[in-house]
Amino acid sequence: MDLNNTVALVTGGASGLGRATTERLLAAGAQVVMVDLNAEVGQQVASELGSSAHFVSADVTNEEQVQAAVDMATGLGQLRVVVNCAGVATPGKLVSRKGPLALDALSKVLSINVVGTVNVCSLAAAAMQAQENVGEERGVIVNTASVAAFDGQIGQIAYSASKGAIASVTLPMARELASSQIRVVTIAPGIFETPMMAGLPEEAQESLAKSIPHPSRLGKPAEYAQLVESIVANPMLNGETIRLDGAIRMAPK
């Protein structure tokens, strides 16, 4: 699919993996609607990236707010690409020193990471289905899981459950949307240079980097964005979860 003169919607688009994806898609010629919670940051990023970058403040779990973002995208042109990067990684053991895992903490992570992703996919897919296809395609949805879906560590009960869910829904989504010529692919990143990672001490970041076989460094958001563009370009990539992790297999803790 040629991204030139198309529209993309990126959740979590104002920072980290989402911002890198926004920049990559803009460079490929797309109009990009960034969806994020922080209006001040989002508007600042949009102004920095130029007139083809647009921002909508929205909670991905809110149907009306996400629909408004989808409406903005379709108002700009043909919505062909959706990338879900919004998510949280709140830690929590099944039983910690404070006691059993709080269900509200579990529910919050599942709500944002799973319900939010499915909400965006559902509303965006409905909009894509109303469009004419281009060749053999009508659109592409890229979701973000994590290696924690497969190698969950101690303290990642909620996060692993949520990312495992995203990996699990990839194939049924792809199968359902196949008749509409819409592909669904998931990326499962390893340890990347994100704002969350930047908050760790430098020593901790170096230790994590050494645990990655090759290349022995943290992944760069631009490398995630590069894979997104490759997925969009390759029509045979569908219904699959791709690990992007330098061959890491996470230790128990």
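1. Start with Arg183: its side chain reaches the backbone oxygen of Ile231 at 2.9 Å. Another polar contact, of 2.5 Å, joins the side chains of Arg183 and Glu137. (A polar contact is a pair of N or O atoms within 3.5 Å; within protein, one must be able to donate a hydrogen and the other to accept it, and residues adjacent in sequence count only if both atoms are side-chain atoms.)

2. A quick word on the model before going on. It is a predicted one, where local features need pLDDT of at least 70 and side-chain atom pairs count only at pLDDT 80 or more, while totals for chains, interfaces and linings use all residues. Residues are numbered from 1 along each chain as its sequence is written, and side-chain values use heavy atoms, with hydrogens and water left out.

3. Back to Arg183, which sits in strand S8 (residues 182-189). (Helices, H or I with at least four residues, and strands, E with at least two, are DSSP runs numbered from the N terminus.) Is Arg183 buried or exposed? Arg183 counts as buried because its relative accessibility is 4%; buried means under 20% relative accessible area, exposed over 50%, and partly exposed in between, using a 1.4 Å probe and protein chains only. Leaving aside residues up to four places away in sequence, Arg183 touches, among others, Val140, Ile141, Pro235 and Asn238. Contact here means heavy atoms within 4.5 Å.

4. Now the largest nonpolar core: it has 28 residues, and Leu25, Val32, Val83, Tyr224 and Ile231 have the most contacts inside it. Helix H8 (residues 221-233) gives the most to this core, with 5 residues. A second, separate core has 27 residues, including Val66, Ala73, Val82 and Met128. (A nonpolar core is a set of buried Ala, Val, Leu, Ile, Met, Phe, Trp, Tyr and Cys residues joined through side-chain atoms within 4.5 Å.) In soluble globular proteins, nonpolar side chains tend to be buried together.

5. Not counting residues up to four places away in sequence, Leu25 touches Leu3, Ala8, Val10, Ala30, Val32 and Val83.

6. How do H3 and H4 pack? Helix H3 (residues 63-76) and helix H4 (residues 103-129) pack at an angle of about 35 degrees, with their axes 10 Å apart. (Axes are lines fitted to C-alpha atoms, for helices over the stretch in contact, and angles run from 0 to 180 degrees between N-to-C directions.) On the H3 side, the contact is made by Glu63, Val66, Gln67, Val70 and Thr74, and on the H4 side by Asn119, Val120, Leu123, Ala124 and Ala127.

7. Finally, some backbone details to check on screen. His214 and Pro215 are joined by a cis peptide bond, with omega about -5 degrees, and Pro215 is in the loop between helix H7 (202-210) and H8. Asn5 is not a glycine, yet its phi is positive, near 65 degrees; Asn5 counts as exposed because its relative accessibility is 66%. Gln181, also not a glycine, has a positive phi of about 60 degrees and is found in the loop between helix H5 (157-177) and S8.
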